[in-house]
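Subject: Structure for you, with notes on its salt bridges

Dear colleague,

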Amino acid sequence: MATVSFADASRIYPDTDAPAVDSLDLDIADGEFLVLVGPSGCGKSTTLRMLAGLEPVDGGSVFIGERDVTNVPAKDRDIAMVFQSYALYPHMTVADNIGFHLRIKRVPKQERAKRVHEAASLLGLEDYLDRKPAKLSGGQRQRVAMGRAIVRQPLAFLMDEPLSNLDAKLRVQTRTQIAALQRRLGVTTVYVTHDQVEAMTMGDRVAVLDKGILQQCDTPRELFARPVNLFVAGFIGSPAMNLFPATVNEQGATFEDLTVPLTPSQRRELSADQVRIGVRPDGWEVGSGDGSASSLEATVEVVEELGTEAFVYAITERQTPVVTRAEGMTTIDKGDKISLVPKVESLHLFDETTGARLIA
């Protein structure tokens, strides 16, 4: 086990104008499960490949423990990767696939068998050791790929969207197993995904990237409660945060009939007279459309009933979409008029020009 650090690390692909990863500074603690998340092309897989030694580092440094591995070949970094594709040898049994690296390293047969069975026991694969990959389900194949990484006893696990090939139900089950297994093993793990729900449910911390730049790295709870800018606010959360363009006046920030007061410190932080008001779907008090002061009046278009909860998709008088959360089996129906008043503790304010969060 070891810490992992990126010190001002950059990767610039040939014939491109912008870095794929731009001056990344990131410290990952020993035994931590860190998730890299962001939209397609944000640099998360490139970051993982730089750590693995599969991509060169064009600026800065990468450390595993106290060792600078920036120019160390991938085979000498003592890491193990799990990819989106299982990359199993079809002619080998599960036991042979798991123990393949140990055989290449000439680990004695008895020791090899012991480590293979230990990994299989951890992953619930004891009954499948004599099967070929073709006789396994997708989830079982992914566990074999993980077993192959586990037996190496590396300093760090690197996982590049390992659940992308699984169906939705199996993804939920397998991500729980991976998170629980990582905590049992205590091995530093860097996990890449484009699925922010997956990131929020698995990681000790989550690093959000956009256009090669680290936007925020924090616990899932802090990311959700205190996004540092507009990008993180809009990316984290499902359904996404409601974000409304508002104009600053003497009363505060105003959007349609909704006015949010601004503190003196928030006014001092403003670079212009435009802000964004942010409210999570669960951050509204929902009324019956009585036109109360400082509320959004909206007409319900769709009610997404999920059993224990419902999401109400509505549109304001000026045709702005808005989403709110309601209790399951809600009486709100399509065509209803509703009033939405934001809860004070659920309000977020961002500078329209810089995108930065305005601190109260």
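With which residue does E32 form a salt bridge? The partner is R205, and the closest N and O atoms of the two are 2.5 Å apart. This pair connects distant parts of the chain, 173 residues apart, since E32 lies in the loop between β2 (21–28) and β3 (33–37), while R205 belongs to strand β9 (residues 205–210); strands here are DSSP runs of E with at least two residues, numbered from the N terminus. E32 has 10% relative accessibility and therefore counts as buried, a term that stands for under 20% relative accessible area, with exposed meaning over 50% and partly exposed in between (1.4 Å probe, protein chains only).

Before the other pairs, a note on the basis: this is a predicted model, in which local features need pLDDT of at least 70 and side-chain atom pairs count only at pLDDT 80 or more, whereas totals for chains, interfaces and linings use all residues. Residues are numbered from 1 along each chain as its sequence is written, and side-chain values use heavy atoms, with hydrogens and water left out.

Taking a salt bridge as a side-chain nitrogen of Lys or Arg within 4 Å of a carboxyl oxygen of Asp or Glu, the count is 12. Among them, E222 and R226 meet at 2.7 Å, N to O, and both residues are partly exposed, E222 at 25% and R226 at 44%. Shared partners also join R11, R49, E55 and D58 into one network of salt bridges. Within it, R49 and E55 pair at 3.4 Å, N to O; R49 is partly exposed at 30%, whereas E55, at 12%, is buried.

Best regards

How values were computed
Helix = DSSP H or I, 4+ residues; strand = E, 2+ residues; numbered from the N terminus.
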